[in-house]
Amino acid sequence: MRIQVVDHPLVAHKLTVLRDETTDSPTFRSLADELVTLLAYEATRDVRVEDSDIVTPVAPTTGVKLASPRPLVVPILRAGLGMLDGMMRLLPTAEVGFLGMVRNEATLEASTYAERLPDDLSGRQCYVLDPMLATGGTLAAAIRFLVDRGANDITAVCLLAAPEGCTRLEKELEDLQVPVTVVTAAMDEKLNDKGYIVPGLGDAGDRLYGVAGG
Ligand SMILES: O=P(O)(O)OC[C@H]1O[C@H](OP(=O)(O)OP(=O)(O)O)[C@H](O)[C@@H]1O
Ligand SMILES: O=c1cc[nH]c(=O)[nH]1
Ligand SMILES: [Mg+2]
C-alpha cells in the first residue's frame with residue numbers, strides 16, 4: 001500500500017480553515033470541495049489513458065484520452081458525498097457508484113447499509129472518497145468490497161488520515177493482489193479514546209450536513 005501526503009501550501013491553508021471549529025457548514029462544504037480537487041490532481045496521476053489521434057488547426061498529432069473502461073468513483077456515504085463534486089470536476093466522464101457505510105460509535109465497527117455499484121468491476125480503476133481514515137475499518141471494508149467485484153487498482157482520497165488506521169489498512173489488505181494508494185491532505189497525530197482523529201476536524205459528516213438524526 002502506498003500513502004501519499006499531498007504537501008502543498010494551498011492544501012495546508014484550506015485544511016487549517018476546515019479544521020477550525022468556528023468554520024460554518026457552508027464554508028466547510030466549499031473548502032472540502034476545493035481541497036478534493038487539489039487532492040484529485042495528485043490522486044489521478046496514474047489514471048489510465050490511451051493514445052488519441054486528433055487534428056489541431058495546424059497539424060495532425062497524437063495525444064491521450066482516458067482509457068476504457070472509464071474509472072469508477074465511489075463516495076462513501078454520508079461524508080464522502082461532500083467530496084464527489086470536487087473529484088468529478090477533474091474526471092467528469094467517470095462513472096459513479098455509491099457505498100453507504102456507518103461506523104458504530106461504541107464499537108467503532110463499520111457496517112454497510114447501502115450499495116449501488118456495478119456487479120462486475122473486472123479490471124476497473126476505482127477512486128474511493130472518504131474524508132476520514134480513522135481506525136481504517138470503513139475503508140478496509142470498502143476496498144475489499146470493490147476488489148471482490150474485480151477492481152484491480154484502488155486509490156482512496158481522504159482529507160485526513162491517522163497512523164493507526166493506515167497501519168490497520170495495510171495489515172488487513174496485505175493479501176490483496178491489487179495496488180492500493182491512499183492520498184491524503186495530512187497524516188495526523190493519533191486517534192483519541194473515542195476513535196476520533198487528533199487534532200482532526202471533528203465529525204466530517206456532521207460538519208458537512210449537520211448532526212445525523214439531530
Ligand atoms: O476509519 P473509521 O474508524 O472506520 O472511521 C471513518 C469513517 O467514519 C466517518 O463516517 P461515519 O460513520 O461517521 O458516517 P457518516 O459519513 O454518515 O457521518 C467517516 O466519514 C468515515 O467513513
Ligand atoms: O475523527 C473522525 C473519525 C471518524 N469520523 C469522523 O468523521 N471523524
Ligand atoms: Mg459521521
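Author: Start with a definition: an angle over 145 degrees between two axes counts as roughly antiparallel, and one under 35 degrees as roughly parallel. Note also that this is a predicted model.

Reader: Why are helix 1 and helix 2 called roughly antiparallel?

Author: Helix 1, residues 9-19, and helix 2, residues 25-43, pack at an angle of about 155°. The cut-off is 145 degrees, and the angle is over it, so the two helices are roughly antiparallel to each other. Their axes are 10 Å apart, and helix 1 passes helix 2 in a left-handed crossing.

Reader: Which residues in helix 1 and helix 2 meet?

Author: From helix 1 come L10, V11, K14, L15, V17 and L18, and from helix 2 come F28, L31, A32, E34, L35 and L38. By class, this contact has 10 nonpolar and 2 charged residues, and no polar ones.

Reader: What makes Y127 buried rather than exposed?

Author: A residue is buried if 20 or more other C-beta atoms lie within 10 Å of its own. Y127 has 25 other C-beta atoms within 10 Å, so Y127 is buried. Y127 is found in strand 8, residues 125-129. Leaving aside neighbours within four places in sequence, Y127 is in contact with A43, P71, V73, V74, M87, T155 and V157. Y127 and V182 are 55 residues apart in sequence, and their C-alpha atoms are 9.8 Å apart in space.

Reader: Is E50 counted as buried or exposed, and what makes it so?

Author: The cut-off for exposed is 12 or fewer. E50 has 9 C-beta neighbours inside 10 Å, and therefore counts as exposed. The place of E50 is in strand 2, residues 49-55. Not counting residues up to four places away in sequence, E50 touches V64, K65 and A67.

Reader: Why is L108 called partly exposed?

Author: L108 has 14 C-beta neighbours inside 10 Å. Exposed needs 12 or fewer and buried needs 20 or more, so L108 falls in between and counts as partly exposed. L108 lies in the loop between strand 6 and strand 7.

Reader: How many residues are around ligand 1, and which come nearest?

Author: There are 23, and R78, A134, T135, T138 and G205 come nearest. Strand 6, strand 9, helix 4 and helix 6 each supply at least two residues of this shell. By class, the shell divides into 12 nonpolar, 7 polar and 4 charged residues.

Reader: Which residues surround ligand 2?

Author: M132, A134, G195, Y196, I197, G200, D203, A204 and G205 surround ligand 2. This shell has 5 nonpolar, 3 polar and 1 charged residues.

Note on methods. Residues are numbered from 1 along each chain as its sequence is written. Chains are lettered from A and ligands numbered from 1 in the order in which they are written. This is a predicted model: local features need pLDDT of at least 70, side-chain atom pairs count only at pLDDT 80 or more; totals for chains, interfaces and linings use all residues. A residue is near a molecule or strand if its C-beta atom, placed from the backbone, lies within 6 Å of it. Helices (H or I, at least four residues) and strands (E, at least two) are DSSP runs, numbered from the N terminus. Ala, Val, Leu, Ile, Met, Phe, Trp, Tyr, Cys and Pro count as nonpolar, Asp, Glu, Lys and Arg as charged, and the others, Gly among them, as polar. Axes are lines fitted to C-alpha atoms, for helices over the stretch in contact, and angles run from 0 to 180 degrees between N-to-C directions. Angles under 35 degrees count as roughly parallel, over 145 as roughly antiparallel, 65 to 115 as roughly perpendicular and the rest as oblique. A crossing is left-handed if the near helix is turned anticlockwise from the far one by less than a right angle, and right-handed if clockwise. Two residues are in contact if their C-beta atoms, placed from the backbone, lie within 7 Å.
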